[in-house]
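Reader: I have a chain open on my screen and would like to talk it through. Can we start with the terms and then go strand by strand?
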Amino acid sequence: MARALLRRRGALSSLLSAAAPTAPSLVPSLSSAAALAQLRSPLDERLLRLLRSEISYVADRRPPHQPPTSFRSFAVEDRPGEQWVRLRAARRGPGAGEEAIKIDATLFDGVAELPPDASLFNRVEALEQGPRLHLSLIVEVARADRVLGFICSAWPDNLTVRHVLTLRGAGAATDDRGARDFTKLEPAEREAVKKFLQEREVDAELAEFLHDYVANKEKMEMLRWLKTVESFVEK
């Protein structure tokens with residue numbers, strides 16, 4: 001659904017570019033909608049009909065719902081018009097300190113591809129299930145003057161860690177160890193990282209929530225974009 005909406009948006013962008021005037025023109029001030037409609041070109045009218053049809057299609061077929069403002073211990077910050085979403089949480093850390101957890105998640109930024117030698121059964125199964133979409137997470141866990149960072153991949157049913165970073169402080173540069181490839185850590189270190197994140201609710205359940213949230217957000221952004229273009233063409 002998300003990829004189909006993006007393709008339709010691209011087609012509309014091309015049509016809008018074709019409808020844009022090539023040189024500035026003077027338009028008399030008119031007060032009535034009927035008078036404004038008379039000034040539109042046939043291409044403008046065609047574009048408006050197409051836009052309204054697309055708005056109706058997106059709004060009526062699996063319409064977006066009001067996004068949730070929380071998930072488990074996280075507060076969810078919707079960012080209308082932007083291509084990412086932020087989650088925040090606070091928890092009691094070891095000792096008397098408190099941890100601040102911040103997660104920035106992208107919209108869908110990739111799709112899983114079948115290996116070239118995939119069997120016919122696997123190819124048919126993948127077609128039936130639809131694309132397996134991917135989004136990226138940047139997780140920061142701040143404690144006193146130290147921040148641990150994690151770059152993760154979120155799939156519909158699991159979350160994997162790609163890199164681990166040790167920061168000196170919020171927004172600071174990495175220390176001498178820099179970013180470490182998760183797959184190159186020792187097995188015990190990998191298990192410790194996964195346990196650390198799971199204790200902070202950064203897990204497969206979060207990945208599933210984000211996929212549902214982002215799918216809904218993409219529909220909302222598509223509707224917002226269509227209505228903005230419609231308003232522009234109407235004037």
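Author: A term to begin with: two strands pair if DSSP finds at least two bridges between them. Helices (H or I, at least four residues) and strands (E, at least two) are DSSP runs, numbered from the N terminus. This is a predicted model, in which local features need pLDDT of at least 70 and side-chain atom pairs count only at pLDDT 80 or more, while totals for chains, interfaces and linings use all residues. Residues are numbered from 1 along each chain as its sequence is written, and side-chain values use heavy atoms, with hydrogens and water left out.

Reader: How many helices and strands are in the chain?
Author: The chain has six helices and nine strands.

Reader: Fine. Which residue is the bridge partner of Ala-75 in strand 3?
Author: Arg-88 is the partner of Ala-75. Strand 2 and strand 3 are antiparallel and share three bridges. Their hairpin has six residues between the strands, and Gly-81 there takes a positive phi near 85°.

Reader: And how many bridges join strand 3 to strand 4?
Author: Nine, with the two strands running antiparallel. Arg-86 has Asp-104 as its bridge partner in strand 4. Asp-104 also has a bridge partner in strand 6, namely Ile-138.

Reader: How many bridges link strand 4 and strand 6, then?
Author: Seven bridges, again antiparallel. Strand 5 (residues 110–111) is also joined to strand 6, by two bridges in the antiparallel sense. There, Gly-110 stands opposite His-134.

Reader: What about strand 6 with strand 7: in which sense do they pair?
Author: Antiparallel, over nine bridges. Ser-136 is partnered with Ser-153, and Val-141 stands opposite Leu-148. The hairpin of these strands has two residues between them, and Ala-144 takes a positive phi near 55°.

Reader: How many residues lie between strand 7 and strand 8 in their hairpin?
Author: Four residues lie between them. Eight bridges join the two strands, which run antiparallel, and Leu-148 stands opposite Thr-166 in strand 8.

Reader: Switching to the inside. How many residues are in the largest nonpolar core?
Author: It has 34 residues. A nonpolar core here is a set of buried Ala, Val, Leu, Ile, Met, Phe, Trp, Tyr and Cys residues joined through side-chain atoms within 4.5 Å. Buried means under 20% relative accessible area, exposed over 50%, and partly exposed in between (1.4 Å probe, protein chains only). The residues with the most contacts inside the core include Ile-103, Leu-137 and Phe-150.

Reader: Which element gives the largest share of this core?
Author: Helix 6, with six residues. Among the others that supply at least two residues each are strand 4 (98–106), strand 6 (133–143) and helix 5. Another core, of eleven residues, lies apart from it, and Ile-55 and Leu-226 are among its members.

Reader: You mentioned Phe-150. Which residues does Phe-150 touch?
Author: Contact means heavy atoms within 4.5 Å. Leaving out residues up to four places away in sequence, the residues that Phe-150 touches include Leu-137, Val-141, Leu-165 and Phe-196.

Reader: Now rings. How many aromatic pairs does the structure hold?
Author: Three. Rings of Phe, Tyr and Trp (its six-membered ring) pair if their centres lie within 6.5 Å; planes under 30 degrees apart count as stacked, over 60 as edge-to-face and the rest as tilted. Phe-71 and Phe-209 are a stacked pair, 4.3 Å centre to centre with 15° between the planes. Phe-71 is in strand 1 (residues 70–71) and Phe-209 in helix 6 (residues 204–234), so this pair ties together parts 138 residues apart in sequence. Both Phe-71 and Phe-209 are buried.

Reader: And how do Phe-150 and Phe-196 pair, stacked or tilted?
Author: Tilted, at 5.7 Å centre to centre and 35° between the planes. Phe-150 lies in strand 7 (residues 146–154) and Phe-196 in helix 5 (residues 187–199), so the pair ties together parts 46 residues apart in sequence. Phe-150 and Phe-196 are both buried.

Reader: Last one. Which ring does the charged end of Arg-200 sit over?
Author: The ring of Phe-196, at 3.6 Å from its centre. The criterion is that NZ of Lys or CZ of Arg is within 6 Å of the ring centre and within 35 degrees of the ring normal.
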